[in-house]
Amino acid sequence: MPERATACMQINNIILDNFRSYAHAETAFAPGVNVIYGENGRGKTNLLEAVYLNCGLGSWRASKKEELVRWGESVMSQQSRVEIGGMERALRMAVADGRRAWTRDGVRINPSETGFMCVLFEPGELELVQGSGAKRRRFMDNALFQLRPQYRALWREYASIIQKKTSALKQGGSYLELLPEYGMKIAVLGERIASYRRALVKKLAESADLVHREMSAGREKLQVRYKTVKNGSDADNVTALLKEYEQVEIAARRCLIGVHHDDMEIEIDGRAARAFASQGQARTASVALITALREVMMQDRGEYPVLILDDVFSELDEKRRGFLVDNAMGGQVLISSCEPRRMAGPANYIEVDSLLRTKG
Ligand SMILES: Nc1ncnc2c1ncn2[C@@H]1O[C@H](COP(=O)(O)OP(=O)(O)OP(=O)(O)O)[C@@H](O)[C@H]1O
Ligand SMILES: [Mg+2]
């Protein structure tokens, strides 16, 4: 195996069976830049989605696992050979009867144990700066799910309490007696979630500012901070807030206080980017955040994640494209494109139609 200049995770090969539009397909990926090209609706995003599944997060665009199964079939699988820490691993995910099952080197694992990391940049990420808080929460959470497997369990426990509390608020009556117990859990679990997110955002902020400055020729300062709703910065504070807003929550029949409303505050030159950034500035800031996340993952795990650029390459101008790819040099990058776009540097070109012709 040729030695790589930079430590990075890599996908070497993928085999799909009854995955979305693919009955059977297989392809190899090269280290460095891979351009997956083909006309609209030919399966570029489907292929990138299958690669992304290897981080064990589920798809960014399927709300149900069944959507991944080819229409008319009942079982799908994706098998990938990936390199993590210089070791090749076989990751396999199958969906049958609406249940997914993972194996690594043939041994059953939980999705949080694949060990593989990706940073995804798709059109939704262009909304990272100007879109709703849900986008930024998902950005933070997806990063933490990959970096801190224990964060997933914590997040699930929190989500289940919120679900139970919402149901109590909707049912009212004696169910409301459960509110103090739920409130205590929301405060304690929420503070743990917030501390993970705060630490991540602190690291992201330094790196993102450097990239943003470089892209704006030193003119603009990017500031990113973790923002808790109503400044509920510790458990006692959240408990007090829950008490204060109890009647409001009962009237609204919704959970209004907690980290599920927190956000990542982004400012450019001291002004809220969500309200004041121009389209171009917002794009620059999203490229900066994506690039920063790669750096944070590298610092944390000693290896760069795989960078997936789906449907965004043509949306970005030459300068931002150059930044993304130049910064990702040394790592592996998968790019979807309608034309076999010529990259400035060396690249591996995969024609998506040629995958459709592979027979099982
Ligand atoms: N479960 C499924 N079974 C069969 N086909 C599916 C399934 N899910 C999606 N498809 C089909 O897969 C096709 C390819 O979709 P995909 O999003 O990968 O295209 P694309 O090459 O990325 O196109 P674009 O350039 O427009 O982004 C779509 O036409 C869609 O109808
Ligand atoms: Mg697509």
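Mentor: Let's begin with pairing: two strands pair if DSSP finds at least two bridges between them. Here, in what is a predicted model, six bridges join strand 1 (residues 10-19) to strand 2, and the two run antiparallel. Within that pair, D17 stands opposite H24 in strand 2.

Trainee: Which helix packs on the sheet there?

Mentor: That's helix 1 (residues 44-52), which touches strand 1, strand 2 and strand 4 (75-84). The direction of helix 1 makes about 115° with that of strand 1.

Trainee: And in what order do the strands of the sheet come?

Mentor: The order is 2-1-4-5-6-7, six strands in an open sheet with antiparallel pairing. Strand 2 (22-28) and strand 7 (107-109) are at the edges with a single partner strand each, so one side of each has no neighbour in the sheet. From one strand to the next, the twist averages 20°.

Trainee: How do I read a helix, then?

Mentor: Residues three or four places apart point the same way, because an α-helix has 3.6 residues a turn. Now take helix 2 (residues 133-147): its 15 residues should span 21 Å at 1.5 Å a residue, and its end C-alpha atoms are 21 Å apart, so the two agree.

Trainee: Which residues of helix 2 are buried?

Mentor: R136, F139, M140, A143, L144 and Q146. The buried residues of helix 2 pack against helix 3 (149-171), helix 4 (179-215), strand 10 (263-268) and helix 8 (279-301).

Trainee: What about ligand 1: which residues come nearest?

Mentor: S21, N40, K44, T45 and N46, out of 16 residues around ligand 1. By class, that shell has three nonpolar, seven polar and six charged residues.

Notes: Residues are numbered from 1 along each chain as its sequence is written. Chains are lettered from A and ligands numbered from 1 in the order in which they are written. This is a predicted model: local features need pLDDT of at least 70, side-chain atom pairs count only at pLDDT 80 or more; totals for chains, interfaces and linings use all residues. A residue is near a molecule or strand if its C-beta atom, placed from the backbone, lies within 6 Å of it. Ala, Val, Leu, Ile, Met, Phe, Trp, Tyr, Cys and Pro count as nonpolar, Asp, Glu, Lys and Arg as charged, and the others, Gly among them, as polar. Helices (H or I, at least four residues) and strands (E, at least two) are DSSP runs, numbered from the N terminus. The expected span of a helix is 1.5 Å times one less than its number of residues. A residue is buried if 20 or more other C-beta atoms lie within 10 Å of its own, exposed if 12 or fewer, and partly exposed in between; C-beta atoms are placed from the backbone. Two residues are in contact if their C-beta atoms, placed from the backbone, lie within 7 Å. Axes are lines fitted to C-alpha atoms, for helices over the stretch in contact, and angles run from 0 to 180 degrees between N-to-C directions.
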